[in-house]
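Good morning, and thank you for coming. Please look at the sequence and the structure while I speak.

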Amino acid sequence: MNLLIPPRHRELFPSLKNQIASEHTKCGPVTWNGYLRVQTDDQQLIDELRQKLDAQPT
């Protein structure tokens, strides 16, 4: 699933890229309108990003 994390969390993007990047999760790039793109199949991570960072599916 592809998720977009809103630009209001921009200060967290560098640490998020380091924390959640794995063989099952791809993090980045930032879209032209400032959203961080995350691609993952990990349902627990999807739920956490949606709850804590208002991530929206694409």
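Let me begin with two terms: helices (H or I, at least four residues) and strands (E, at least two) are DSSP runs, numbered from the N terminus, and two strands pair if DSSP finds at least two bridges between them. This is a predicted model, in which local features need pLDDT of at least 70 and side-chain atom pairs count only at pLDDT 80 or more, while totals for chains, interfaces and linings use all residues. Residues are numbered from 1 along each chain as its sequence is written, and side-chain values use heavy atoms, leaving out hydrogens and water.

First, the strands. β1 and β3 run antiparallel and are joined by four bridges; Asn2 has Gln39 in β3 as its bridge partner. Strand β2 (residues 25-30) is also antiparallel to β3, again with four bridges, and here Cys27 is partnered by Val38. Five residues separate β2 and β3 in their hairpin, and Gly34 in the turn has a positive phi of about 95°.

Which side chains of β3 are buried? Leu36, Val38 and Thr40 point to one face and are buried (under 20% relative accessible area, with exposed over 50% and partly exposed in between, 1.4 Å probe, protein chains only).

Next, the salt bridges, each a side-chain nitrogen of Lys or Arg within 4 Å of a carboxyl oxygen of Asp or Glu. The structure holds two. Asp54 pairs with Arg8, their closest N and O atoms 2.7 Å apart. This pair links distant parts of the chain, 46 residues apart. Glu48 and Lys52 form a salt bridge at 3.7 Å, N to O, and both lie in helix α2, four residues apart.
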